[in-house]
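I opened my notebook on a new model today. Here is what I looked up, in order.

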Amino acid sequence: MMDSAHYLQRARYTGKENFVLHIAGNMGFYYGIKGKSHFRLIAIAIRTAYQKQGVGKLLLDHLFSMCRKNGLSKITLRTHKGGTAEGFWKHMGAEITGQKEGDWEMAIAVIGAAGSEGTKCTIRGGLYQNVQSSIRKDYSSPRWTNEIADCSLPMTFDTYSNCSFGCVYCFSQYQRGIGKTKEAYLNKVVRSVDPEKIRKIFTLEKETQFTPWIAQRRPIQWGGLSDQFDGFERKYGVTLELLKMFRQMKYPICFSTKSAWVFHDQRYTEVFEGMDNWNMKFSIITLDEKMAAKIEQGVPSPKARLEAMKIYSRLNKGEATLRLRPFIIGVTSKDYKDLIVAAHDAGATAVTTEFFCLEARSPVARKNYEIISECAGFDVFDFYKRYSSGSGYLRLNRKVKEKYIREMDELCKKLGMRYYVSDAHFKETCTGSCCCGLPEDPRYNYSRGNFSYALQLCRRNGEVRFSEIDADMKHLNFPWAKAEGYNCNSTEKRAKFEYMTMRDYLRYLWNNPYAGQSPYTLFGGVMRPSGKDANGDIIYRFDSSKTYISPCESCHLCGG
Ligand code: SF4
């Protein structure tokens, strides 16, 4: 490393007031020039003896903090094409803005207003941008998902109360960005779970609603409302602490992530290695780097995520899944086939997809939809108004989605990948009943006590009865109105179902075909009521006129 005194000398010599040199003892330094709105990073270096000890993080923390204090919104730099530093800067969120000779010109956004250090800082994605120095460990998780009626992984878990990434389609904003938590959520204030409390829940030392589920070693869905491997994790490491515990317990897990850095970090790769019941879903919606950067702000590029998928697939035996969600017509539709092939080549064994739904009631969301419209080349708001039924939360019609569903299905079969649709529409096309992509295999003992499994049985056998799914509902014997983290909606609904257990509630939905979440309504008429059984419960028959799949045709379950 060239001596930092050399640069100091140079600063004095050039006499530039806007020259910044920061020296971290004798371990490393960075220097560059302050512009009006950006910082030109000329060099950053760490003495060999201090490398891989967190000095780089210290320097970058200082650099981002200095930029924020000075109102500098961007850091620009130059790095060798194809050198190790190129990967590092991309990983940090840098984008290529041009090229000079054998070098890339790059830029990284610095988000957070001058003087905003502390919890008021408005952080929008990216790494190293959180300015809280410590974290409160009082966030409450796990919870039961609101899709419990047709979900095979109803117990969902999040490490953090917020996500450092900034996807414009993110739906956790409708859960977390309202009411009392709104301000903290929008200002990216973050809390984490208490690892000790989680240990007690999973060792069954503490009895909770989840005890029967955990006692049977059923998989958890990790990463429903935030990414457990985001920038907050990089700073606070709570997920890593939990991962070590789950590894010791060999507990089955289904993860969702958009992260890339953890798959290059030895502390994490050591924990992932060899686990055969940890399935990692990598969320990618397009291969187009520019569109992805606009829609998924602060998230590693699609290429970086595919690279991460490749590493995970080699390292781990629990398999990698392409989470092609949300499928956005106008964005994903441009290259989804290439994306599936790229994921296959990176080692993914399954694809799970779900079409984008549009929240028409939120003014914040409307602003975000402008970004999606710009990428799609048409007004998505208008498109959804035209091609959805209902109002408020808009889901596209079956017809609009069918072409894509069929083509993905065909391609996955050709590539030998399992294929899953999380949309209630076309769920009958799934390879198995866990639409998150877990294989039908003893490693992942997911729930069969739900309507998705009923749909699979209905397709396989032509008809299905409640008793066939009731056999696996023992974990649902808790009061509906007290379900952890579950949104009980209106007081009217509360009054109606207050004294039911969750299992009773599912039975109510089963026997009321016109209820919004009944098997008949949910799956668009594919499961049609056809008489009652000896218990007085509705028998459903498979209606092949509603779908392109007929009973048993292409059924992966029985191999027919
Ligand atoms: S990674 Fe997931 S939780 Fe985080 S902002 Fe994106 S969609 Fe939301």
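Which are the buried residues of α17? I found F451, S452, Y453, A454, L455, Q456, L457, C458 and R459. I called a residue buried if 20 or more other C-beta atoms, placed from the backbone, lie within 10 Å of its own. Helices are DSSP runs (H or I, at least four residues) and strands are E runs of at least two, numbered from the N terminus.

I noted that this is a predicted model: local features need pLDDT of at least 70, side-chain atom pairs count only at pLDDT 80 or more, and totals for chains, interfaces and linings use all residues. Residues are numbered from 1 along each chain as its sequence is written.

Back to the helix. Nine of the 11 residues of α17 (residues 451-461) are buried, so the rest of the structure largely encloses this helix. G462 follows α17 and has a positive phi, near 90 degrees.

Next, the cores. I took a nonpolar core as a set of buried Ala, Val, Leu, Ile, Met, Phe, Trp, Tyr and Cys residues joined through C-beta atoms within 7 Å. The largest has 118 residues, and M309, A343 and V351 have the most contacts inside it. α17 gives the largest share of this core, six residues. Domain 2 (143-429) and domain 3 (451-546) both contribute, so this core lies between them. These bounds come from an automatic or database domain assignment.

Last, the ends. Domain 1 spans 4-109. The C-alpha centres of domain 1 and domain 3 are 58 Å apart.

Notes:
A residue is buried if 20 or more other C-beta atoms lie within 10 Å of its own, exposed if 12 or fewer, and partly exposed in between; C-beta atoms are placed from the backbone.
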